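Here is a friendly note to read alongside the model. Take the points in order, and keep the 3D view open as you go.

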Amino acid sequence: DAGRPSPDAASGGARPHGGPVVRASRLVRRFGGRTVLDRLELSIAAGEFVALLGRSGSGKSTLLRAVAGLDHEVAGSGELRVPERVSLAFQDSRLLPWLRLLDNVVLGLKRPGAAARGRKALDEVGLAGRERAWPHELSGGEQQRAALARSLVREPELLLADEPFGALDALTRIRMHDLLRELYARHRPAVLLVTHDVDEAVELADRVLVLEDGRVARDVAVDLPAPRTPRDPRFQEYRELL
Ligand code: ADP
Ligand code: MG
């Protein structure tokens, strides 16, 4: 039964993937006396879409920051190997308010060719023609589209996203899911998406991890055909597993 969830299949979902691009081993992070990451193990294959679930305060953002190389303390604790090109997206789009949209998207990119790539990326996320808009002129959903364009224009091998749709209304979130799926299919970066929404995780990811007590407590391969929708009764089996 191809649609049956497998609780410990760590090899990925229906699609084949390359070798690991992320390898983390024995990661430890303490804040004061509290151990937030406790000898954590994580491996993500090239092109694999992994969702990370966990209660608030379970350490999801801490892990993401570590994988992004933003946490020097955790780096010394174990082993961490990540690809060269990593992009990071947050709940808040973090567009710079004093830069127009295109300048935000291509910030830090090497010329020549940056502007053309930025335009193409904006076009891909449905923001063609908005190159000269200021961030405050965009809706929340449009700002997240721009943030995705900014992430993808760098052609990352790994896209890290920390609850990128958490602040959006339900309808906009559905559109963003469709967009992310489309962009992922076209660019195929490895993805580590933090979310607290089980349905979002099952809808988008090849594999869903649950962070608990500083470790990956559950590792569930999602084997559902496209198009996936939370109305599919098979979602219930995953909701129960996760
Ligand atoms: P999540 O993203 O899963 O909600 P976080 O990774 O943000 O959780 O936080 C995990 C735990 O680590 C929380 O208890 C939080 O208070 C603590 N923590 C995170 N960052 C810091 C920090 N810079 N200083 C102290 N405690 C922190
Ligand atoms: Mg968080």
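**Notes on the predicted model**

1. Let us start at a turn. In the hairpin of β8 and β9, two residues lie between the strands, and Asp 213 has a positive phi near 50 degrees. Helices (H or I, at least four residues) and strands (E, at least two) are DSSP runs, numbered from the N terminus. Within β9, Arg 218 is the bridge partner of Val 210.

2. A word on what you are looking at. This is a predicted model, in which local features need pLDDT of at least 70 and side-chain atom pairs count only at pLDDT 80 or more, while totals for chains, interfaces and linings use all residues. Residues are numbered from 1 along each chain as its sequence is written, and chains are lettered from A and ligands numbered from 1 in the order in which they are written.

3. How confident is the predictor? The mean pLDDT of the protein (the predictor's confidence in each residue, from 0 to 100) is 90, and 93% of its residues reach 70 or more. Over residues 7–14, however, the pLDDT is below 50, although this stretch has 19 contacts in the model beyond near neighbours in sequence; a contact means C-beta atoms, placed from the backbone, within 7 Å. Where pLDDT is low, the predicted coordinates should not be read in detail. For the complex, the predictor gives an ipTM of 0.98 and a pTM of 0.91.

4. Now trace the sheet. Its six strands form an open sheet with mixed pairing, in the order β5-β6-β7-β3-β8-β9. β5 (86–89) and β9 (215–221) are at the edges with a single partner strand each, so one side of each has no neighbour in the sheet. β3 (residues 49–53) pairs with β8 (residues 207–212) in the parallel sense over four bridges, and Arg 207 in β8 is the bridge partner of Val 50.

5. Is β8 enclosed or open? Five of its six residues are buried, so β8 is largely enclosed by the rest of the structure. Here, buried means 20 or more other C-beta atoms within 10 Å of a residue's own, exposed means 12 or fewer, and partly exposed lies in between, with C-beta atoms placed from the backbone.

6. Helix α1 is mostly covered too, with six of its eight residues buried; among them are Leu 63, Leu 64 and Val 67. Just after α1, Gly 69 takes a positive phi of about 80 degrees.

7. Which residues are around ligand 1? They are Phe 31, Val 36, Gly 54, Ser 56, Gly 57, Ser 58, Gly 59, Lys 60, Ser 61 and Thr 62, where near means a C-beta atom, placed from the backbone, within 6 Å. Helix α1 (residues 60–67) gives the largest share of this shell, three residues.

8. Finally, look at Pro 227, in the loop between β9 and α8 (235–241). Pro 227 counts as exposed because it has 9 C-beta neighbours inside 10 Å. C-alpha to C-alpha, Pro 227 and Gly 33 are 45 Å apart in space, and they are 194 residues apart in sequence.

Methods. Contact = placed C-beta atoms within 7 Å. Pairing = 2+ DSSP bridges.
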